[in-house]
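Subject: Structure handover

Hello,

Please find the structure below, followed by notes on what was found in it.

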Amino acid sequence: MADQPANTPTSERRPTEAPASAQPGDKLDQGRSELPATRPPGAPPDPWTAFATTPERTPGRLRRAVRALRRGLIHEYALAGYASLLLAVAMTWPALRYPLRTLPQDLYDPSRQAWQVSWAGHILITDPARLWHANAFFPLPHSFAFGDSLLGYAPAGMLGTGPDAAVLRYNILFVLAHALLTLGGYTLIRQLGARRTGAAVGAVAFAYAPWRLAQEGHLDIVSVGAIPLALAMLARGHGWSLRYGFRPARRRARWAVAGWLLAAWQISLGFAQGLPFAYVLAFLVLVVLVAAPIRRLRRRGQGPVLGWRLLVTDLLGILIVAGVGLLIALPYLRAGATGPAGTEVRFFSPPVHSLLIGPAESRIWGAAHAVPRASLRWAAEMSLLPGFVLYTLALVGLVFSIWTWRQRFVMLLALAAAVVLTLGTTVFDGRWTYLPLFGHLPGSFGVRIPGRLMLWVTLLLAVLAAGAADEFVRRAEQLSAQRMPPWPGPWLRAATLVPLALVLVEGWGVTAHPVVPLQPEAMRTVASSTLVLPTFTLSDQTVMLWSTSRFQPLANGGGAFAPAHQAELRRNAVTFPDQASIAYLRGLGVQTVLLVRSQAAGTPWERAGDVPVDPLGITREDLDEDTVLFHIP
């Protein structure tokens, strides 16, 4: 090949390859030159080099947000949340079939609690200083402390007004509380180290244990899903799980922050379940204070066990939880001279065999356990069966489980302690068990019913059951991998869901959903202090619900804590209208009396609307065929 002309630019000369026998360092022919390493000035850029060095375009904020949202929507715990919500709607049906007209279980406690949520939302917007001085139980102060306040639900109470909105709000919160039970149980058991199948079995067994069916009319007792969820967040924040122990690399202070805030919110719902939870948190803090120095001494040179961020977070979290509890406790201490709860604790302490008796609302065990349930002093609070399927799975979990033998032994001891506390004064007369923890507290704290500690018994049983279910899944997967040919995977997966199906069937209930009586029209117009007749402990809770339109001062009031004043009011008002009852009501400051004829049939006030009132110094106004309004000047 002829050499290129001398005047040809260097950049356009054709490169000549070196012979195959050429060695590094050998000189090439005199007429040939190497390819230049850099392009000469003025030459256009090499497109291939530009293509290779162009960095990938960084996604913008919107694209990153969309990607994060997409990942969040299909995350394991998001899917668990969807499943928990759908399951809650199905298991509480027909709560959402007529959510404006019906309440679960009965019309009494649900009506009062629907009023509580409405009052909290209303007064925090209009006059927060009067939060604890509710419109009911007029003229008594601190009347909002006559039962668990459900103060944590106040934001929901800010939406809507009137009884219809209160009933709708209650039903939505009722369903969401069941969903949170399942999600919280699932999250905690997963954090402890169980896999998905075991966590699902344990969570459903925890959320839909048969004994809960007797508590469906108590939103404060149902709303405990934040307890396992807060424990899971605290454990995750500290990098701890039951199966793997402490893992410092997994510590996240933000999860600990969320856990402490959620614990404070749970306590704000009420002391009936919040106070035992506070005791559990205090016990766990003591365990960490003892275990952390021991671990530090045993593993020197591996860094601190918690780290300064977690130490600060825990200190602030403890102060927040304690502060919220003390602030809410003050009105309860001032609510009235109720005395210690010891006497009522003895009455409500269940016998040992109550742990095997299902409630009347259970579709499976309701009729079957009618005879043994009749022997209980207070069946609604003493039918404590957590489920025979759960008992069986937990018993299997003691010998066949993913948890170690030492962990199972510790859980067994904790389970025994929880059972003893749940039985109240039945064991050792409660002297060294329930009474030292709760017997000295005022009755207004709502800790007079030991059977409600069945929450902790059920949670421990669920963790043991999850261990057994997970071990079964693990053995099934090993068997599938070893068979020739391998066992069909879908059939084994279906077999592992059998315990879940059994737990769901046993937790299936027949909770009633009675229709709420219509609000008298006068309750939407009368603004003065009012007494609604008839007045009884149970029916007054519906009257409280009626007052959510105007929140006028209301002499009626009923609930878990009914002061002696209400009994005195009813004794003096039983002869209304007469001189003595009118003088008594005038002394209280009651200005109007509303008689609902349809509710008064068969009561002492059945003919009260027909008595002449001119000689009594009051006036009567017949509003319609069903309501009569008396004005007391």
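**The largest cavity**

By class, the lining of the largest cavity holds 5 nonpolar, 3 polar and 2 charged residues. Here Ala, Val, Leu, Ile, Met, Phe, Trp, Tyr, Cys and Pro count as nonpolar, Asp, Glu, Lys and Arg as charged, and the others, Gly among them, as polar. The residues in question are M91, H178, A207, Y208, A209, R212, L213, E216, G507 and G509. The space in this cavity is about 70 Å³, and the count by this rule is 6 cavities of 30 Å³ or more.

The rule works on a 1 Å grid over the protein atoms alone: a cavity is a set of points where a 1.4 Å probe fits but cannot get out, and lining residues have an atom within 4 Å of a point. Grid points are joined across faces, edges and corners, and a volume is the space filled by probe spheres set on the points.

This is a predicted model, in which local features need pLDDT of at least 70 and side-chain atom pairs count only at pLDDT 80 or more, while totals for chains, interfaces and linings use all residues. Residues are numbered from 1 along each chain as its sequence is written, and side-chain values use heavy atoms, with hydrogens and water left out.

**Helix 6**

Helices (H or I, at least four residues) and strands (E, at least two) are DSSP runs, numbered from the N terminus. Helix 6 covers residues 162–192, 31 residues in number, and reaches 44 Å from its first C-alpha to its last, close to the 45 Å expected at 1.5 Å a residue. That expected span is 1.5 Å times one less than the number of residues. G193 follows helix 6 and has a positive phi, near 125 degrees.

**Backbone exceptions**

Most residues other than glycine have a negative phi, and most peptide bonds are trans. The bond joining F138 and P139 is cis, with omega about 5 degrees. P139 is in the loop between helix 4 (109–126) and helix 5 (154–157). H142 lies in the loop between helix 4 and helix 5 and has a positive phi, near 55 degrees. At 16% relative accessibility, H142 counts as buried.

A cis peptide bond also runs from L533 to P534, with omega near 5 degrees. P534 sits in the loop between strand 3 (530–533) and helix 22 (539–546). In the loop between helix 22 and helix 23 (564–573) is F551, whose phi is positive, near 50 degrees. F551 is buried, at 11% relative accessible area.

Regards

Conventions: On a 1 Å grid over the protein atoms alone, a cavity is a set of points where a 1.4 Å probe fits but cannot get out, and a pocket is an open set with protein on both sides within 12 Å along at least five of seven lines; lining residues have an atom within 4 Å of a point. Buried means under 20% relative accessible area, exposed over 50%, partly exposed in between (1.4 Å probe, protein chains only).
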